Amino acid sequence: MTIKINSVVTIHYELKDSDGEVLDSSTGQEPLVYLHGASNIIVGLEEQLEGKQIGDQVVARVSPEKGYGLPVEALIQQVPMAAFGDEIKNIEVGMRFQADTEQGPVPVVVTAIEEGMVTVDGNHPLAGKELHFDVSVTAVRDASAEEIEHGHVHGPGGHQH
Ligand code: ZN
């Protein structure tokens with residue numbers, strides 16, 4: 001059985017950046033189970049898993065455009081330190097929190113603090129990065145009608161409802 005639209009696919013994976021640093025891995029954890037063609041995983045990886053089958057090892061290089069996108073300048077903002085109030089006393093570079101925006105809460109990271117101004121970046125941490133995946137396909141099955149309707153996998157590794 002090969003991977004195609006509406007396959008339920010189980011993979012183990014390791015994700016590295018261009019320097020070979022491991023960013024994420026399923027090693028020692030439950031494998032990832034996803035519904036193929038439902039945008040459950042990034043499009044660049046999904047494309048390269050199409051047509052593969054159980055037992056296949058896939059080395060996939062994914063461009064930022066087909067990964068987490070390119071950094072957007074508008075998501076980088078400078079905020080006066082005074083705006084943080086008393087609740088955050090020790091703001092440090094690398095700190096993550098939810099910022100309230102007109103579009104609702106957005107996860108941001110503090111990237112710089114200078115002269116009372118805090119720079120926060122709401123881009124995905126992997127935006128602009130080329131991604132290198134080592135994937136092994138461990139199971140493939142057809143999705144149920146209900147899974148296709150919901151756009152996600154049910155049962156082990158998926159939604160339990
Ligand atoms: Zn569901």
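Mentor: The domain bounds used here come from an automatic or database domain assignment. Keep in mind that this is a predicted model.

Trainee: Fine. Which residues go to domain 1 and domain 2 of the protein chain?

Mentor: Domain 1 is made of two segments, 7-68 and 126-150, while domain 2 covers 73-121.

Trainee: And how far apart are the C-alpha centres of domain 1 and domain 2?

Mentor: The two C-alpha centres are separated by 32 Å.

Trainee: Switching to the metal. Which residues coordinate the zinc ion?

Mentor: His-150 donates through ND1, whereas His-152, His-154 and His-161 donate through NE2, with distances of 2.0 to 2.1 Å. Along the sequence the donor spacing reads H-x1-H-x1-H-x6-H.

Trainee: What's the geometry at the zinc ion?

Mentor: The site is tetrahedral, and the angles among the 4 donor atoms run from 98 to 122 degrees. For reference, the ideal angle for four tetrahedral donors is 109.5 degrees.

Trainee: Is His-152 buried or exposed? And His-161, buried or exposed?

Mentor: His-152 is buried because its relative accessible area is 16%, and the cut-off for buried is under 20%. His-161 has 64%, so His-161 is exposed.

Trainee: Now the surface. Which residues make the nonpolar patch?

Mentor: Met-81, Val-93 and Ile-113 form that patch, with an area of about 230 Å².

Trainee: Where does Val-93 lie?

Mentor: Val-93 is in the loop that connects β5 (76-80) to β6 (96-101).

Trainee: Why does Val-93 count as exposed?

Mentor: Because its relative accessibility is 55%, and exposed means over 50%.

Definitions and conventions
Residues are numbered from 1 along each chain as its sequence is written. This is a predicted model: local features need pLDDT of at least 70, side-chain atom pairs count only at pLDDT 80 or more; totals for chains, interfaces and linings use all residues. Side-chain values use heavy atoms; hydrogens and water are left out. Patches are made of residues with over 30% relative accessible area and no salt bridge: like charges are joined within 9 Å, nonpolar side chains (Val, Leu, Ile, Met, Phe, Trp, Tyr) within 5 Å. Accessible areas come from the Shrake-Rupley method with a 1.4 Å probe; for residues, only the protein chains shown count as cover. A salt bridge is a side-chain nitrogen of Lys or Arg within 4 Å of a carboxyl oxygen of Asp or Glu. Helices (H or I, at least four residues) and strands (E, at least two) are DSSP runs, numbered from the N terminus. Buried means under 20% relative accessible area, exposed over 50%, partly exposed in between (1.4 Å probe, protein chains only). Donors are N, O and S atoms within 2.8 Å of the metal (3.2 Å for Na, K and Ca); water is not among the atoms, so sites may look incomplete. Four donors count as tetrahedral if all angles lie between 85 and 135 degrees; four count as square planar and six as octahedral if opposite donors are over 155 degrees apart and all others between 65 and 115; anything else is irregular.
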